[in-house]
Amino acid sequence: MISVLLAGLLRQQASGRQRAEKLAQNMTRDLQSALRDSEALFSTLNLHAIVSIADRDGRIIEANDAFCLICGYSRDELTGQDHRMVNSGVQPKEFWMDMWETISAGMPWRGQVCNRSKQGELYWVDILIAPFIGPDGKIEKIEKAIHDSHAQIVIDAENKIVIP
């Protein structure tokens with residue numbers, strides 16, 4: 001009688017283990033697929049746009065080649081710095097306060113920004129800033145997808161169209 005109960009218990013345990021292993025395999029496969037999709041999307045964005053990633057304090061932790069090219073700083077010069085190093089001073093303090101208020105609330109922000117390169121040249125960019133919220137509910141990192149809009153703004157200025 002005990003051996004029959006023990007055999008049943010062992011079968012039940014083996015069956016539960018097999019279900020758990022199958023579930024773990026499916027979850028691993030789904031996570032690997034999601035990671036591949038995420039990497040492909042980021043790679044595409046990296047090829048198409050000027051990209052920088054900052055930590056929760058706004059310090060640059062990644063910058064793609066296009067970011068380095070437009071601002072004139074090397075990746076080493078940018079890493080650990082905040083984006084104020086390319087601030088041109090064109091936008092008022094309130095502009096930046098509004099941006100920080102928006103992303104601090106976990107919302108994306110988009111705007112036209114005039115930056116200054118290492119060589120002192122001004123350039124305009126259209127920036128989309130996306131804060132990534134961590135498990136603690138705080139900003140974990142901030143990703144910026146940037147489009148060089150300098151040529152368009154110059155053309156608009158020549159045509160007497162003012163962009164706010």
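Biologist: Which residue takes a positive phi in the hairpin of strand 1 and strand 2, and how many residues lie between the strands?

Modeller: Strands and helices are DSSP runs numbered from the N terminus, a strand being E over at least two residues and a helix H or I over at least four. In this hairpin 4 residues lie between the strands, and Gly58 takes a positive phi near 90°. This is a predicted model, in which local features need pLDDT of at least 70, side-chain atom pairs count only at pLDDT 80 or more, and totals for chains, interfaces and linings use all residues. Residues are numbered from 1 along each chain as its sequence is written, and side-chain values use heavy atoms, with hydrogens and water left out.

Biologist: In which sense do strand 1 and strand 2 pair?

Modeller: Two strands pair if DSSP finds at least two bridges between them. Strand 1 and strand 2 pair in the antiparallel sense, over 3 bridges. Ile53 has Glu62 in strand 2 as its bridge partner.

Biologist: Is Gly58 buried or exposed?

Modeller: Buried means under 20% relative accessible area, exposed means over 50%, and partly exposed lies in between (1.4 Å probe, protein chains only). Gly58 sits in the loop between strand 1 and strand 2, and with a relative accessible area of 6% it is buried.

Biologist: With which residues is Gly58 in contact, leaving aside its neighbours within four places in sequence?

Modeller: A contact is a pair with heavy atoms within 4.5 Å. On that basis Gly58 is in contact with Gln81, Asp82, His83 and Trp100. Gly58 and Asp82 are 24 residues apart in sequence, yet their C-alpha atoms are 5.5 Å apart.

Biologist: How many salt bridges does the structure hold, taken together?

Modeller: The structure holds 9. One of them joins Arg110 and Asp126, with closest N and O atoms 2.4 Å apart. This pair links distant parts of the chain, with Arg110 in strand 3 and Asp126 in strand 4, 16 residues apart. Arg110 is exposed at 60% relative accessible area, while Asp126 is buried at 12%. Another joins Lys141 and Glu143, at 3.1 Å between the closest N and O atoms. Lys141 counts as partly exposed at 26% relative accessibility, and Glu143 counts as buried at 15%.

Biologist: Over how many bridges do strand 3 and strand 4 pair?

Modeller: They pair over 8 bridges, in the antiparallel sense. Gly111 has Ile127 in strand 4 as its bridge partner. The two strands form a hairpin with 5 residues between them, and Gly120 in the turn has a positive phi of about 95°.

Biologist: Which residues touch the most other members of the largest nonpolar core?

Modeller: A nonpolar core is a set of buried Ala, Val, Leu, Ile, Met, Phe, Trp, Tyr and Cys residues joined through side-chain atoms within 4.5 Å. The largest one has 22 residues, and Phe67, Cys71, Leu78, Val125 and Ile129 touch the most other members. Elements that each supply at least two residues include helix 2 (65-71), helix 4 (93-104), strand 4 (122-133) and strand 5 (139-148).

Biologist: What does Cys71 touch, beyond residues up to four places away in sequence?

Modeller: Cys71 touches Leu78, Val86, Ser117, Lys118, Gln119 and Tyr123. Cys71 counts as buried, at 0% relative accessibility.

Biologist: How many disulfides does the model come to?

Modeller: A disulfide is a pair of cysteine sulfur atoms within 2.5 Å. By this rule the count is 0. Cys71 has the sulfur of Cys68 as its nearest cysteine sulfur, 5.8 Å away.

Biologist: What pattern does the protein chain follow along the sequence?

Modeller: The pattern is α-β-β-α-α-α-β-β-β-α, with 5 helices and 5 strands. Of the 164 residues, 27% count as buried. Among contacts between residues at least 6 apart in sequence, 39% join residues at least 24 apart.

Note on methods
A salt bridge is a side-chain nitrogen of Lys or Arg within 4 Å of a carboxyl oxygen of Asp or Glu.
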